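User: I would like to learn how to read a structure feature by feature. Please give the general idea each time, then the case.

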Amino acid sequence: MEPKKKVTILDLAAMKQAGKKITMITAYDYPFAKIVDDAGIDLILVGDSAGTVVQGVPNTLPVTMEEMLYHTRMVARARERALVIFDLPFMSYQESLEQAKHNAGRALKEANAEAVKLEGGANMAATIEAIVNIDIPVMAHIGLTPQSVHRLGGFKVQGRDEEKRRKLLEDARAVEEAGAFAVVLELVPAVVAKEITEMLTIPTIGIGAGIHCDGQVLVLHDLLGMNPGRKLKMAKQYASLYDLSKKAVEEYCAEVRDKKFPGPEHSF
Ligand code: KIV
């Protein structure tokens with residue numbers, strides 16, 4: 001088999017130029033990273049959404065640097081083609097530029113990521129610039145930034161009124177000027193996302209931000225239907241893995257109880 005052509009940040013800029021949509025998805029371990037890489041995804045985000053969809057905590061705030069390193073190492077081992085992005089967790093970059101550079105460096109050095117993502121706009125411009133200046137690519141994330149859930153008063157659409165729209169545009173401009181290679185727009189009205197996408201030269205990756213973004217991202221567990229209690233308007237469920245997996249385990253239990261498993265073909 002031909003080796004797969006590796007995606008780099010240069011390809012993303014070219015894709016925006018050519019009007020080719022960019023695909024991004026989250027993954028947190030080796031088997032799922034292998035599935036999404038083999039499926040031809042462009043970007044794998046090892047998201048701090050690991051907190052909500054893997055660890056079972058109510059938001060992303062408790063996720064630690066050590067946990068993100070653990071998840072990213074597994075993902076990076078499966079990666080052949082996709083660009084692997086490490087999501088800097090809450091309080092791993094907000095304290096100082098030194099802390100941000102140190103932890104972004106750990107993502108590449110200890111977990112084999114190729115870029116980092118952090119949440120924030122104009123308020124994080126100096127941090128983005130500091131990390132980019134040590135040659136680590138940064139993806140920014142504006143709009144609904146889940147690490148600011150308490151300040152924002154919940155998981156709400158951002159940029160609906162004129163003042164907030166203007167602030168979003170200012171944030172988008174600031175992260176591009178600071179050197180981010182792309183920006184996630186989360187829970188932003190489609191018309192505002194369109195305006196930002198047309199204004200920036202770097203690609204926008206939307207989640208709950210409409211069709212006009214340069215690319216789209218979804219949380220893998222939402223796309224695969226793995227958490228039955230989690231139904232989000234912004235996410236489309238393409239499979240029902242919870243139901244499929246539960247049925248398989250129920251069948252296994254029934255066969256053990258009925259003394260049908262293991263059969264002679266599974267025995268030595
Ligand atoms: O952590 C995450 O999964 C994310 C995406 C929703 C963009 O930040």
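User: Is Asp87 buried or exposed?

Analyst: Relative accessible area decides, and buried means under 20%. This is a predicted model, and in it Asp87 has a relative accessible area of 2%, so the residue is buried. Asp87 lies in strand E3.

User: Which residues does Asp87 touch, not counting residues up to four places away in sequence?

Analyst: Asp87 touches Leu45, Val46, Gly47, Asp48, Met68 and Lys117. With the side chain of Lys117, the side chain of Asp87 makes a polar contact of 2.9 Å.

User: How do I read a salt bridge, and which residue meets Asp87 in one?

Analyst: Look for a side-chain nitrogen of Lys or Arg within 4 Å of a carboxyl oxygen of Asp or Glu. Here the side chains of Lys117 and Asp87 meet in a salt bridge, 2.9 Å from N to O. This pair links distant parts of the chain, with Lys117 in strand E4 (residues 115–119) and Asp87 in strand E3 (residues 83–87), 30 residues apart. Lys117 has a relative accessible area of 2%, so Lys117 is buried. Asp87 counts as buried too, also at 2% relative accessibility.

User: How many salt bridges does a search of the whole structure find?

Analyst: The search finds 21 salt bridges. Among them is one between Arg166 and Glu162, whose closest N and O atoms are 3.5 Å apart.

User: Why are Arg166 and Glu162 separated by about one helical turn?

Analyst: Because they are four residues apart in helix H8. For accessibility, over 50% means exposed, and partly exposed lies between that and the buried range. Arg166, with a relative accessible area of 51%, is therefore exposed. Glu162, at 39%, counts as partly exposed.

User: Where do Glu251 and Lys247 lie?

Analyst: Both are in helix H11, four residues apart, about one turn of the helix. Glu251 has a relative accessible area of 45%, so Glu251 is partly exposed.

User: Which residues are linked in a network of salt bridges?

Analyst: The network links Lys4, Lys34, Asp37, Asp38 and Glu80.

User: Now the backbone. Which value of phi does Asp135 have?

Analyst: Asp135 has a positive phi of about 70°, although Asp135 is not a glycine. Asp135 is found in the loop between helix H6 (125–133) and strand E5 (138–143). Its relative accessibility is 68%, so Asp135 counts as exposed.

User: And what is phi of Leu187 near?

Analyst: Phi of Leu187 is near 50°, a positive value, and this residue is also something other than glycine. Leu187 sits in the loop between strand E6 (182–186) and helix H9 (190–199). At 15% relative accessibility, Leu187 counts as buried.

User: Where does Gln158 lie, and what does it touch?

Analyst: Gln158 lies in the loop between helix H7 (149–152) and helix H8 (162–178). Its relative accessible area is 11%, so Gln158 is buried. Leaving out residues up to four places away in sequence, Gln158 touches Gly143, Leu144, Leu152, Leu168, Leu187, Val188 and Pro189. A polar atom of the Gln158 side chain lies 2.8 Å from the backbone oxygen of Lys156.

User: Is the peptide bond from Phe261 to Pro262 cis or trans?

Analyst: Omega is the angle to read. The bond from Phe261 to Pro262 is cis, with omega near 0°. Pro262 is placed in the segment after helix H11 (241–257).

User: Which residues make the nonpolar surface patch?

Analyst: Val249, Tyr252, Val256 and Phe261 make a nonpolar surface patch of about 350 Å². Val256 lies in helix H11. At 37% relative accessibility, Val256 counts as partly exposed.

User: Which domains does the domain assignment give?

Analyst: The assignment for the protein chain gives domain 1 (9–237) and domain 2 (240–268). The C-alpha centres of domain 1 and domain 2 lie 38 Å apart.

How values were computed:
Residues numbered from 1 in each chain as written. Predicted model: local features only at pLDDT ≥ 70, side-chain atom pairs only at ≥ 80, totals over all residues. Heavy atoms only, no water. Helix = DSSP H or I, 4+ residues; strand = E, 2+ residues; numbered from the N terminus. Buried < 20%, exposed > 50% of the residue type's maximum accessible area, 1.4 Å probe, protein only. Polar contact = N/O pair within 3.5 Å; in protein donor to acceptor, adjacent residues only side chain to side chain. Contact = heavy atoms within 4.5 Å. Domains from an automatic or database assignment. Patch = residues over 30% accessible without salt bridge, like charges linked within 9 Å, V, L, I, M, F, W, Y side chains within 5 Å. Areas by Shrake-Rupley, 256 points an atom, 1.4 Å probe, with all protein chains shown as cover.
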